[in-house]
Amino acid sequence: MIGLGRMGGNIVRRLMQHGHSAVVYDVNPENVSQLAKEGAAPSKSLSHMVEQMPKPRAIWVMLPAGEITAQTISELSELLEAGDMLIDGGNSNFQDDVRHAQMLQAKGIRYLDVGTSGGVWGLERGYCMMIGGDKSAAIHLDPIFKSLAPGIGNIPRTPGREGKVSTAEEGYLYTGPAGSGHFVKMVHNGIEYGLMQAYAEGMDVLKGVAQESIPAERRYQLDLADITELWRRGSVVSSWLLDLSAISLAEDPELASYSGHVQDSGEGRWTINAAIEEAVPVPVLSAALFARFRSRQLSTFADKMLSAMRKQFGGHQEPKK
């Protein structure tokens with residue numbers, strides 16, 4: 001594993017809990033030392049990592065999308081050998097995957113793009129993974145993905161899927177050629193924007209009914225923490241995002257610790273770009289993205305709700321002003 005941040009480190013921990021061995025590297029030596037104390041083999045550099053690993057090697061890059069990931073993949077392309085496997089598990093643009101796969105294929109290196117969902121809760125809950133790229137590598141690494149995934153758990157099986165052979169209900173799925181994994185994850189995150197915006201706006205309406213501009217006989221002092229807890233149980237709008245909203249409101253009913261400055265990490269923009277290319281109307285997803293832009297100019301309670309959800313599932317901190 002290269003990149004031992006919020007998700008990379010916990011992916012290593014979950015794999016080791018399931019009996020896998022791990023070799024780790026990070027530009028921050030403290031992160032490497034911590035994982036070494038927990039049983040991983042530490043590396044001083046990318047070349048040192050490659051030297052330690054048996055063939056065929058499997059290296060997972062879990063770094064911020066963009067230049068740092070591209071540079072790391074380029075460096076690894078000079079260190080790895082034919083038959084080795086390289087995974088980009090970050091939130092990279094699927095078009096970058098196509099280029100990386102072509103570059104590595106020329107050297108016989110098998111590339112996988114793995115859209116990984118689970119955030120800071122993945123160690124406990126498991127990770128939902130959307131896997132694109134070299135199919136032989138996906139098959140070879142199936143034990144890794146199976147260990148990381150949530151498994152069937154206590155989620156009821158979907159009626160009508162009886163007899164269908166698929167790893168989807170285990171929480172991971174091979175989606176097709178290079179880029180397809182990150183494409184599916186990109187749209188997943190675009191949908192996430194829309195869901196979060198709907199919850200945030202609804203909470204804002206519930207809160208706003210208490211203001212003095214509302215006639216006294218229709219002015220309600222609603223307990224949002226109780227309402228989100230109520231909706232978690234039997235409501236048609238129940239979801240994990242609602243669970244996280246309930247946690248946030250239980251901790252801080254007024255969300256006073258949030259400014260409501262909501263960042264976007266890229267996938268929402270890419271989803272809109274893909275929709276434009278396909279001439280597919282996405283009014284909800286585009287409005288949710290634009291709402292995040294607007295939050296950086298004037299924040300509302302809805303924006304604080306969005307910030308709270310982002311912190312709960314991904315550990316995302318608001319930028320310092």
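**Aromatic rings and their partners**

Mentor: Start with arginine 292, whose charged end sits over the ring of tyrosine 193 at 3.7 Å from the ring centre. A charge sits over a ring here if NZ of Lys or CZ of Arg is within 6 Å of the ring centre and within 35 degrees of the ring normal. The model is predicted, so local features need pLDDT of at least 70 and side-chain atom pairs count only at pLDDT 80 or more, while totals for chains, interfaces and linings use all residues. Residues are numbered from 1 along each chain as its sequence is written, and side-chain values use heavy atoms, with hydrogens and water left out.

A second case of this kind involves arginine 125, which lies over the face of tryptophan 240, 4.0 Å from the ring centre. Tryptophan 240 also takes part in ring pairing. The whole structure has 5 aromatic pairs; rings of Phe, Tyr and Trp (its six-membered ring) pair if their centres lie within 6.5 Å, and planes under 30 degrees apart count as stacked, over 60 as edge-to-face and the rest as tilted. Tryptophan 121 and tryptophan 240 have ring centres 6.2 Å apart and planes at 85°, so this pair is edge-to-face. It joins distant parts of the chain, 119 residues apart: tryptophan 121 is in the loop between strand 5 (110–117) and helix 6 (122–125), and tryptophan 240 is in helix 11 (residues 240–251). Helices (H or I, at least four residues) and strands (E, at least two) are DSSP runs, numbered from the N terminus.

Tryptophan 121 has 24% relative accessibility and so counts as partly exposed; tryptophan 240, with a relative accessible area of 25%, is partly exposed too. The classes are buried under 20% relative accessible area, exposed over 50%, and partly exposed in between (1.4 Å probe, protein chains only).

Phenylalanine 290 and phenylalanine 293 make a tilted pair, 6.0 Å from centre to centre with 45° between the planes. Both residues lie in helix 13 (residues 283–295), 3 residues apart, which is about one turn of the helix. Phenylalanine 290 is partly exposed at a relative accessible area of 48%, and phenylalanine 293 is partly exposed at 29%.

One aromatic cluster is formed by Trp60, Phe145 and Tyr172.
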